[in-house]
Each structure stands twice: as C-alpha cells, then as structure tokens.
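The following note is intended for a colleague meeting this structure for the first time. Please read the numbered points alongside the sequence and the model.

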Amino acid sequence: MEFTTNEWEEYKELTRQVSKFISINKKGEIKISDGAKFLLLRRARLINSMENKYRIFFEHVDKFGLNKHTLVYVGDTKINGQRSVEYIVRQLGNNYKISCNKFTYETDNRMSLLARFSKGDVDVLVAIKCLD
C-alpha cells in the first residue's frame with residue numbers, strides 16, 4: 001500500500017523530527033525521549049489513517065464481495081471529516097446494500113447485536129481496533 005504524496009511528505013518530516021530525539025549511549029542502548037514518543041505516535045496514526053487503504057478495501061469488496069460473519073477493523077481515524085467506523089458502515093450499507101453495524105464501546109445492546117450477527121441477520125461488524 002502506498003502513501004499519497006501529502007502523506008509521504010508528512011511521514012518523511014515526522015521521521016526527520018524523530019531522529020533528533022533519539023540517541024544511542026556508549027553501551028549501544030537506544031534512548032527515546034518523550035518528544036520522540038509523541039512524534040512516533042503521530043507517525044503511527046498517519047500510517048493507520050492512510051487514504052489508500054480504504055480505496056483498496058472497497059476495490060476488494062467490488063471484486064470479491066463480503067461474506068456473512070465478516071469483521072472489519074478500522075483505526076480510530078477520520079475520513080472526509082467522518083469517523084472511519086461510521087464511514088465504512090455507511091459505504092457498505094448505502095453503496096453495497098450489505099447489512100452491517102458498527103461495534104464500539106458506544107454501541108447500545110451489543111449482546112443483541114452479536115446475537116443478530118451470529119444468526120446472520122447482520123453480515124458485517126465494523127469495529128475500531130478490536131471487539132471491545
């Protein structure tokens with residue numbers, strides 16, 4: 001999967017900044033400062049929110065469809081100003097007519113939703129990171 005041009009430029013800049021906050025002592029141990037940790041988290045978030053992964057996901061859906069009992073995991077990011085979990089649910093429901101629901105800590109009646117998923121009444125659950 002490839003970065004967009006803007007994502008790649010941001011990734012390179014974050015990597016350049018991280019390098020300023022990492023040092024190696026005489027024992028060969030790597031020291032990572034809090035500043036580097038913050039930048040590394042930003043860089044990881046950039047990777048998690050790559051635009052092309054959603055395009056590729058929907059190309060896969062176009063080509064192969066989705067089976068019942070499918071779990072889709074997304075990052076806690078935004079696409080076009082919308083949380084990725086809601087974006088994916090909306091796209092699958094509206095454009096592909098796939099019965100799906102989000103499954104997050106905010107979801108009411110999660111046990112009922114899992115039962116419907118188990119019976120095949122809901123084909124796809126879209127969750128952030130893991131089923132929490």
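1. On helix α2, the face turned away from the buried side carries the exposed residues D34, F38 and L41. Exposed means over 50% relative accessible area, buried under 20%, and partly exposed in between (1.4 Å probe, protein chains only). F38 counts as exposed because its relative accessibility is 51%. The model is a predicted one, in which local features need pLDDT of at least 70 and side-chain atom pairs count only at pLDDT 80 or more, while totals for chains, interfaces and linings use all residues. Residues are numbered from 1 along each chain as its sequence is written, and side-chain values use heavy atoms, with hydrogens and water left out.

2. The buried residues of α2 are A36, L39 and L46. Seen down the helix axis, the buried residues fall within an arc of 75 degrees (taken from the directions from the axis to the C-beta atoms), so they line one face of α2. Their cover includes α1 (5-20), β1 (22-24) and β2 (30-32); contact here means heavy atoms within 4.5 Å. Helices (H or I, at least four residues) and strands (E, at least two) are DSSP runs numbered from the N terminus.

3. Which residues touch the most other members of the largest nonpolar core? Of its 17 residues, they are F57, V72, V74, I88, L92, V124 and V126. Such a core is a set of buried Ala, Val, Leu, Ile, Met, Phe, Trp, Tyr and Cys residues joined through side-chain atoms within 4.5 Å. Two or more residues come from each of α3 (51-64), β3 (70-74), α4 (84-96) and β7 (124-128). Helix α4 gives the largest share, five residues.

4. The C-alpha atoms of F38 and V72 are separated by 28 Å, at 34 residues apart along the chain.

5. Three strands form an open sheet in the order β3-β7-β6, with parallel pairing; two strands pair if DSSP finds at least two bridges between them. Because β3 and β6 (100-103) stand at the edges with a single partner strand each, one side of each has no neighbour in the sheet. From one strand to the next, the twist averages 25 degrees. Helix α5 (residues 110-119) packs on this sheet and touches β3, β6 and β7. The direction of α5 makes about 140 degrees with that of β6, where axes are lines fitted to C-alpha atoms, for helices over the stretch in contact, and angles run from 0 to 180 degrees between N-to-C directions.
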